[in-house]
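Subject: Structure for you to look at

Hello,

Here is the structure I promised to pass on. Please open it first, then read my notes alongside.

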Amino acid sequence: MNPIKQLHREAMDFFDQAEVARMMGRTEDLPALLLRAYEKEREAASLVKDRLELEPTRSVLFRSAAALAKRCDKFREAEQLIGLGLAGNPPHEIAEELRNLFEELNYRRHLSAKGYELCPSVFQVSFAGSEIGPGMAEKDEVINRIQWLSTNIYRTAQRKRGDKYAPGIPRKLKKEVKLEINMPIAASFAVAFRISYLPPKDQPTFSGMGGWRPEEIIDELMTCITLLQNEDAQKLRERFKEEAYFTSFLGLSQQVAPDGERVKLVGFTSWKDGSERRVVFDKPKKALKEFRKSISLEQSEERICATKTIIEGRLLKADSTNPKKGDKLQVIDENNKRHDVVIKEGGGDIVRTLYEAFVRVSGELDGKQIVNADVEPIA
């Protein structure tokens, strides 16, 4: 067999093994398998380095090797491989993919804190994409994500404290856990969150806080986002004792996630154990939506046979007075028809920010209602 094809096939075999390990939750096996895949693909690409006439094979191999280098955190090597790929005569589509990959690598430079010093109670969130520029960004793309991320922080604090899930963020919690953000930093576009604890008068110290010190809230949030990014369903679910918190986290994180174009990447940087901790969140919303479906609780035969439906319209009102039965919504479509919608407990954290917004509802028909529904804003 042609040595180039042989090396590429071996690389893909190792990559397939890595994907199987990831899906089965064997995350400890991932680094070694991805590294073997990268080494084989890099070797295959090196054999066509001077074969400029061998397109698109040449540029495809360099693109694949660069993508694997990125997965292995070998960012400088990935940059070099991208340069070699572009130095040939790649087809337009492959050239664009190489340039996009370079943009992703360049974005990682902005994960380092700039203009201030990180401490255990501060973390940075940065964004990159077609609607994001140095220090400037399309308003809704960032502000909405900051709002959903803020709710996720409060929910993480509640969960770490051991509170039972309830609709809305309690006023008492907002008084005790204070969130601040700084002015945007001219990276791609970045802001820093600071979490402060303001104890009640009868609790002047951190004693009795359990697991919700500011640094513990940040660490828990970043750990959960890492598991979500890696689609490690088993370890992620183990961190949530109450299903409503799990539903809330998945829904809020899906809204914070990039759409793949206007916002391509969302990065988190914190300070832990004397060094920076970085998480690149680049799992697109569509992929997260499918992931959410795949880890839903086992469905009954009645649910499996239910009639699926999707509607679009304007969200008029929401009722969360009976959280056990789920938040009740009303959506009016373009034909002025009103639809009653029921979402499960924990889904209301998304809905509360969407009053009078245009939304897409997907769920199951139950008589005149749409139940077990997902609600997402329409851009």
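Asn-336 sits in the loop between β9 (327-332) and β10 (338-343). Its phi is near 70 degrees, which is a positive value in a residue other than glycine. Asn-336 is also exposed, at 58% relative accessibility. Keep in mind throughout that this is a predicted model.

Why point out a backbone angle? Most residues other than glycine have a negative phi, and most peptide bonds are trans. Two more places are worth a look on that account.

Asp-73 is one. Asp-73 is not a glycine, yet its phi is positive, at about 65 degrees. You will find Asp-73 in the loop between α3 and α4 (75-86). Asp-73 is exposed, with a relative accessible area of 53%.

The other is a peptide bond. Glu-55 and Pro-56 are joined by a cis peptide bond, with omega at about 10 degrees. Pro-56 is in the loop between α2 and α3 (57-71).

Now the whole chain. It contains 13 helices and 12 strands. How many of its 379 residues count as buried, as a percentage? The figure is 46%. The accessible surface comes to about 19700 Å², and 50% of that belongs to carbon and sulfur atoms. Next, take the contacts between residues at least 6 apart in sequence: 62% of them join residues at least 24 apart.

Helix α6 covers residues 139-161, which makes 23 residues. From its first C-alpha to its last it reaches 33 Å, close to the 33 Å expected at 1.5 Å a residue. Just after α6 comes Gly-162, with a positive phi of about 95 degrees.

Side chains of opposite charge can pair when their charged atoms come close. The structure holds 27 salt bridges. One of them joins Arg-145 and Glu-141, with N to O at 2.9 Å. Both residues lie in helix α6, 4 residues apart, or about one turn of the helix.

Glu-180 is in strand β4 (residues 177-181) and Arg-194 is in strand β5 (residues 190-197), so the pair ties together parts that are 14 residues apart in sequence. Glu-180 is partly exposed, with a relative accessible area of 25%. Arg-194 is partly exposed as well, at 41%.

What does Asp-219 pair with? Asp-219 forms a salt bridge with Arg-277, and the closest N and O atoms are 2.5 Å apart. Asp-219 belongs to helix α8 (residues 214-229) and Arg-277 to strand β7 (residues 275-281), so this pair ties together parts that are 58 residues apart in sequence. Asp-219 is partly exposed, with a relative accessible area of 24%. Salt bridges that share partners join Lys-289, Glu-312, Arg-360 and Glu-376 into one network.

You will find it in helix α2 (residues 30-46). Glu-41 is buried yet has no salt bridge. Which side chain of opposite charge is nearest to Glu-41? It is Arg-63, 7.5 Å away. What does Glu-41 touch, leaving aside its neighbours within four places in sequence? Its contacts are His-8, Ala-11, Met-12, Leu-61, Ser-64, Ala-65 and Leu-68.

Val-20, Met-23 and Met-24 make a nonpolar patch of about 320 Å². Val-20 lies in helix α1 (residues 3-23). Val-20 is partly exposed, with a relative accessible area of 37%.

Best wishes

Technical notes: Residues are numbered from 1 along each chain as its sequence is written. This is a predicted model: local features need pLDDT of at least 70, side-chain atom pairs count only at pLDDT 80 or more; totals for chains, interfaces and linings use all residues. Side-chain values use heavy atoms; hydrogens and water are left out. Patches are made of residues with over 30% relative accessible area and no salt bridge: like charges are joined within 9 Å, nonpolar side chains (Val, Leu, Ile, Met, Phe, Trp, Tyr) within 5 Å. Accessible areas come from the Shrake-Rupley method with a 1.4 Å probe; for residues, only the protein chains shown count as cover. A salt bridge is a side-chain nitrogen of Lys or Arg within 4 Å of a carboxyl oxygen of Asp or Glu. Helices (H or I, at least four residues) and strands (E, at least two) are DSSP runs, numbered from the N terminus. Buried means under 20% relative accessible area, exposed over 50%, partly exposed in between (1.4 Å probe, protein chains only). The expected span of a helix is 1.5 Å times one less than its number of residues. Lys and Arg count as positive and Asp and Glu as negative; His and the chain ends are not counted. Contact means heavy atoms within 4.5 Å.
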